[in-house]
Amino acid sequence: MAAEQSAEQPAGRSAARSGERRASAALSPESLAGERVDHRFKALPPDAEGLTVGALAAERRNLFTGGFTTPVLALSAESVEANLALLEGYTKRHGLAFAPHGKTSMSPQLFARQLEHGAWGITAAVPHQARVYRAYGISRIFLANEVVDPVALRWLAGELDADPDFTFVCYVDSVRGVELMDRALRAAGAVRPLDVVVELGAGPGARTGARTEAGCAAVADAVAAVSTLRLVGVAGYEGEVPDATGERVRAWLRELVALAAAFDAAGRFGELRDGEEILLSAGGSAWFDAVADVFASLPALSRPVLPLLRSGAYVSHDDGHYRHLTPFNRVPEEGALRPAFRLWAQVVSRPSPEQAFVNAGKRDAAYDLDLPEAQVVRSARDGSLRPATGVTVTGLSDQHGWLSTDADAELEVGDWVGMGLSHPCTSFDKWQLIPLVEADGTVTGYVRTFF
């Protein structure tokens, strides 16, 4: 073991020096406006080649007449702004801190907007995402996974040691995980301990997390036995509760709260400094109303609690999966999210009155949960818009969308079909640069993604 640590030490010191460079030279989301438009970004106007993204945005071209090619994904500027404001207001009303899951968009520009709208930090799922966040100066990251990769932990040690203002928290859910994390951090020569929360699993057959209070206590004991980790709270994901209903989800959330109280009574958060809060985190995009309900009745603990919500899909919402699952369906008095995505594709074949094909497929549209929904048709003859009555997306090939059409459906080759999408996470990841579009078709900006 000693030889292993010695061999790793130089890499750890190198990681710290690299962290110092990154901490002092974080990119700003605004810097993305200086990127050049070229062949890397599908659907952008060919005559914009060589312009900066900022210069192209300043031209305020029209999505339909400004030289964009199909298929093209558009993000509604008005809907994004409304959704940002809605969750900001919701979390404030319910006394919740907010670290939206950044895996949804992987867009530094949207992260910046979320932070401007009151987010405490940004949630990640894997170390690569955290690296993107740090490159763009995100100072608080919650990583909702156990990190056992020694290379990633060495990088984290460098980031933490180089930047005293950087807050990073991740899950632990196993004694073995604690052992691996401790070994890697010691080998890296970590100076600051890594803050961790014990993850409570959502039940038998659910995803990750220790399954019982005793299992969670064993993980907490393992954390207490090492100097490289510091226990700061408990967390979990209620979206994995088996056969989830409102009552089952709330019952599990009460278990999570009880775990935090038991840990506090046992003195397990003793390493927290004066003024630091116990971190209690849950909340995906389907049950955050239940999280708000249960977290509103937290018992008195020995120190204040930071109740942290992590919902991420809200920023774009959708026209399928989350349209059906959003908690705002249950609490309409709280407001309503607005779907922001619309994928525009062109009819390239109309082989029969019952069938048509557009030039967008699996490479362009989310399809893992639901197929796209045909919503509107833009005439290739005069640019007029009409509802996509009698038009249904029935399948996707790599680069074709299969449409079933009523015999009298008004659709011809050359028309543009606007489609709503389901599942934001697999919509964003197919596009590196997405036009931000106002209701009249004016493109006001471009959202850069890093998947």
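Q: Which handedness, left or right, does the crossing of H6 and H7 have?
A: This is a predicted model, so let's read it as one. Helix H6 (residues 150-162) packs on helix H7 (residues 175-187) with axes 9 Å apart, at an angle of about 55°. The way H6 passes H7 makes the crossing right-handed.

Q: How many nonpolar residues are in the contact of H6 with H7?
A: On the H6 side we find Pro 150, Leu 153 and Ala 157, and they meet Leu 180, Met 181, Ala 184 and Leu 185 in H7. Sorted by class, this contact has no polar and no charged residues, and the nonpolar count is 7.

Q: At roughly what angle do the axes of H8 and H9 cross?
A: Here helix H8 (residues 213-224) meets helix H9 (residues 246-265), and their axes come within 11 Å. The crossing is right-handed. The two helices are oblique to each other, because the angle is roughly 45°.

Q: How many charged residues are in the contact of H8 with H9?
A: H8 brings Glu 213, Cys 216, Ala 217 and Ala 220, while H9 brings Leu 259, Ala 262 and Phe 263. Of these, 6 are nonpolar and none is polar, and the charged count is 1.

Q: Which cysteine has the sulfur nearest to that of Cys 216?
A: Two cysteine sulfurs have to be within 2.5 Å to count as a disulfide, and the count comes to 0 disulfides. Cys 216 is in none, as the nearest cysteine sulfur is 15 Å away, and that sulfur belongs to Cys 170.

Q: Is Cys 216 buried or exposed?
A: The cut-off for buried is under 20% relative accessible area. Cys 216 has 0%, so it counts as buried.

Q: How many of the 8 residues of helix H10 are buried?
A: The buried ones in H10 are Phe 288, Asp 289, Ala 290, Val 291, Ala 292, Val 294 and Phe 295. They pack against helix H3 (77-93), H9, strand S8 (278-282) and strand S9 (305-309). H10 (residues 288-295) is largely enclosed by the rest of the structure, because the buried count is 7.

Q: What is omega near for the peptide bond from Thr 70 to Pro 71?
A: Pro 71 sits in the loop between helix H2 (53-58) and strand S1 (72-76). The bond leading from Thr 70 to Pro 71 is cis, and its omega is near -5°.

Q: Is Asp 243 buried or exposed?
A: Look in the loop between strand S7 (229-235) and H9 to find Asp 243. Its phi is near 50°, a positive value in a residue other than glycine. Exposed needs over 50% relative accessible area, and Asp 243 has 62%, so it is exposed.

Q: Is His 423 buried or exposed?
A: His 423 has a positive phi too, about 75°, although it is not a glycine. You'll find His 423 in the loop between strand S16 (416-420) and helix H12 (425-428). With a relative accessibility of 14%, His 423 falls under the 20% cut-off, so it counts as buried.

Technical notes:
Residues are numbered from 1 along each chain as its sequence is written. This is a predicted model: local features need pLDDT of at least 70, side-chain atom pairs count only at pLDDT 80 or more; totals for chains, interfaces and linings use all residues. Side-chain values use heavy atoms; hydrogens and water are left out. Buried means under 20% relative accessible area, exposed over 50%, partly exposed in between (1.4 Å probe, protein chains only). Axes are lines fitted to C-alpha atoms, for helices over the stretch in contact, and angles run from 0 to 180 degrees between N-to-C directions. Helices (H or I, at least four residues) and strands (E, at least two) are DSSP runs, numbered from the N terminus. Angles under 35 degrees count as roughly parallel, over 145 as roughly antiparallel, 65 to 115 as roughly perpendicular and the rest as oblique. A crossing is left-handed if the near helix is turned anticlockwise from the far one by less than a right angle, and right-handed if clockwise. Contact means heavy atoms within 4.5 Å. Ala, Val, Leu, Ile, Met, Phe, Trp, Tyr, Cys and Pro count as nonpolar, Asp, Glu, Lys and Arg as charged, and the others, Gly among them, as polar.
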